[in-house]
Amino acid sequence: MKCIVGLGNPGKKYKKTRHNAGFMVIDELVDRHHWKLKKDKFNGKSTVEFIDGEKVVLLKPQTYMNLSGESVRPLMDFYDIAIDDVLVIYDDLDLPTAKIRLRQKGGHGGHNGIRSIIDHLGTKEFKRLRFGVGRPSTPVPVIDYVLGSFPKEDQKDVDLSIKKAADACEAWLKQPFPEVMNEFNQ
């Protein structure tokens, strides 16, 4: 069983914000397969499904970004999911808007959701799909920037990248992660 986690903040207020890029990719997967996420006992919304014969759990933690690990760890323990079978999708200021990058492991890079997951899992050794949100071009506090929406002129590229990120998630269910990285990190 594999686990795909999309990070974000719950509630309508945050729905279209940069910080919810992970949620947007999970929503794309749910929509394209006509699934439904249900509130679960892991402080999240999740579903367990099959994609091309591979059993996968999709998770959107509802703990707010900074406490994401409080949702991810109990779910992994319950389903006995190995760390090598986890992929976390999150927004990244260090990538240009709408660019995606997959990594085998890494630090938190200042991202509090990733920091929480590292703290709760006790390791940095989990797969990541970073979704670029760029850096603000004017002096704006980072928190205000990531909690803001993508500009209208970027929306077409963002929508295409959400689909591409979902494609990468599905590819990981069928082929080794290094092959997925080679295909989608271009």
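Student: Which side chain meets D167 in a salt bridge?
Tutor: That's R32, at 2.8 Å from N to O. A salt bridge here is a side-chain nitrogen of Lys or Arg within 4 Å of a carboxyl oxygen of Asp or Glu. Mind that this is a predicted model, where local features need pLDDT of at least 70, side-chain atom pairs count only at pLDDT 80 or more, and totals for chains, interfaces and linings use all residues. Residues are numbered from 1 along each chain as its sequence is written, and side-chain values use heavy atoms, leaving out hydrogens and water.

Student: Where do D167 and R32 sit in the chain?
Tutor: D167 is in helix α5 (residues 155-172) and R32 in helix α1, 135 residues apart. Helices are DSSP runs (H or I, at least four residues), and strands are E runs of at least two, numbered from the N terminus.

Student: Buried or exposed, what about K60?
Tutor: K60 counts as buried, at 10% relative accessibility. Buried means under 20% relative accessible area, exposed over 50%, partly exposed in between (1.4 Å probe, protein chains only).

Student: And which residue does K60 pair with?
Tutor: D27, in a salt bridge of 2.7 Å, N to O. D27 lies in helix α1 (residues 21-33) and K60 in strand β4 (residues 54-61), 33 residues apart. D27 is partly exposed, at 21%.

Student: New topic: which residue forms a salt bridge with D77?
Tutor: R73, with the closest N and O atoms 3.1 Å apart. D77 and R73 both lie in helix α2, 4 residues apart, about one turn of the helix.

Student: How many salt bridges does the whole structure have?
Tutor: The search finds 11.
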